[in-house]
Amino acid sequence: MNKSLNEWGKAFWDNAELHGFHEEGANNNIPTQIANIHGEVSEAFEEYRKPGFDPKEIRFHCKEHGVSGCKYDDCWRFPENHKPEGFSMELSDILIRVMECAHHYGIDIEKCVSLKHEYNLKRPFRHGKVC
């Protein structure tokens, strides 16, 4: 399914709301939203620090049995029990949080990303910095 960034932002916000994350103003303020984004960035860094780091690896943590790479054959019949984990999943969480925030504040994130990219294309090498 092809969705625009703005449509994804609405979908992410609606899903969080459906799961009770926006009740009574929860997560509806900028400090909390920025802290949540920061938390996802920290989780991505923790993935990087794990032995055998592979940025493309996706592991599945079994919520039923409390293990990664569940060996219980019957358990795999219930994919909702298996949470995808890894660096790529944390990057996904960062995008989800950013796009939820943009949607909540009515920010046209597609327009903003496009404007910023156009500006960055015209900047000097290393933006004039030594390193």
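**View 1. C62 stands opposite V67 in strand β2.** This is a predicted model, in which local features need pLDDT of at least 70, side-chain atom pairs count only at pLDDT 80 or more, and totals for chains, interfaces and linings use all residues. Residues are numbered from 1 along each chain as its sequence is written, and side-chain values use heavy atoms, with hydrogens and water left out. Strand β2 covers residues 67-68. Strands β1 and β2 pair in the antiparallel sense over two bridges. Two strands count as paired if DSSP finds at least two bridges between them. Together β1 and β2 form a hairpin, with four residues between them. G66 sits in the turn and has a positive phi of about 70°.

**View 2. Three strands form an open sheet.** The order is β2-β1-β3, and the pairing is antiparallel. Which strands lie at the edges? The edge strands are β2 and β3, and each pairs on one side only. Strand β3 covers residues 82-85. It pairs with β1 in the antiparallel sense over four bridges. R59 has E85 as its bridge partner in β3. Strands of a sheet pair through backbone hydrogen bonds, either parallel or antiparallel.

**View 3. Salt bridges join E47, K50, E57 and R59 into one network.** A salt bridge here is a side-chain nitrogen of Lys or Arg within 4 Å of a carboxyl oxygen of Asp or Glu. By this rule the count comes to six salt bridges. Side chains of opposite charge can pair when their charged atoms come close. Start with K50 and E47, which form a salt bridge with their closest N and O atoms 3.1 Å apart. Is E47 buried or exposed? E47 counts as buried because its relative accessibility is 9%, and buried means under 20% relative accessible area, exposed over 50%, and partly exposed in between (1.4 Å probe, protein chains only). K50, at 38% relative accessibility, counts as partly exposed. E47 also meets R59 in a salt bridge, at 3.0 Å from N to O. This pair links distant parts of the chain: E47 is in helix α2, R59 is in strand β1 (residues 59-62), and they are 12 residues apart.

View 4. R49 has a relative accessible area of 54%, so R49 is exposed. E46 counts as partly exposed because its relative accessibility is 41%.

View 5. Which residues does E40 contact, leaving aside its neighbours within four places in sequence? They are E90, D93, I94 and R97. Contact means heavy atoms within 4.5 Å. S92 lies in helix α3 (residues 87-104). E40 and S92 are 52 residues apart in sequence, and their C-alpha atoms are 9.0 Å apart in space. S92 counts as partly exposed because its relative accessibility is 30%.

**View 6. Helices α1 and α3 cross at roughly 95°.** Helix α1 covers residues 5-18, and its axis comes within 8 Å of the axis of α3. Two packed helices are described by the angle between their axes and the distance between the axes. Axes are lines fitted to C-alpha atoms, for helices over the stretch in contact, and angles run from 0 to 180 degrees between N-to-C directions. The two helices are therefore roughly perpendicular to each other. Angles of 65 to 115 degrees count as roughly perpendicular, under 35 as roughly parallel, over 145 as roughly antiparallel, and the rest as oblique. Residues of α1 in this contact include W8, F12 and W13. On the α3 side they include I96, M99 and H103. The residues of the contact divide into seven nonpolar, three polar and two charged. Ala, Val, Leu, Ile, Met, Phe, Trp, Tyr, Cys and Pro count as nonpolar, Asp, Glu, Lys and Arg as charged, and the others, Gly among them, as polar.

**View 7. The protein has four helices and three strands.** Helices (H or I, at least four residues) and strands (E, at least two) are DSSP runs, numbered from the N terminus. From the N terminus on, the elements run α-α-β-β-β-α-α. Of the 131 residues, 21% count as buried. Among contacts between residues at least 6 apart in sequence, 58% join residues at least 24 apart.
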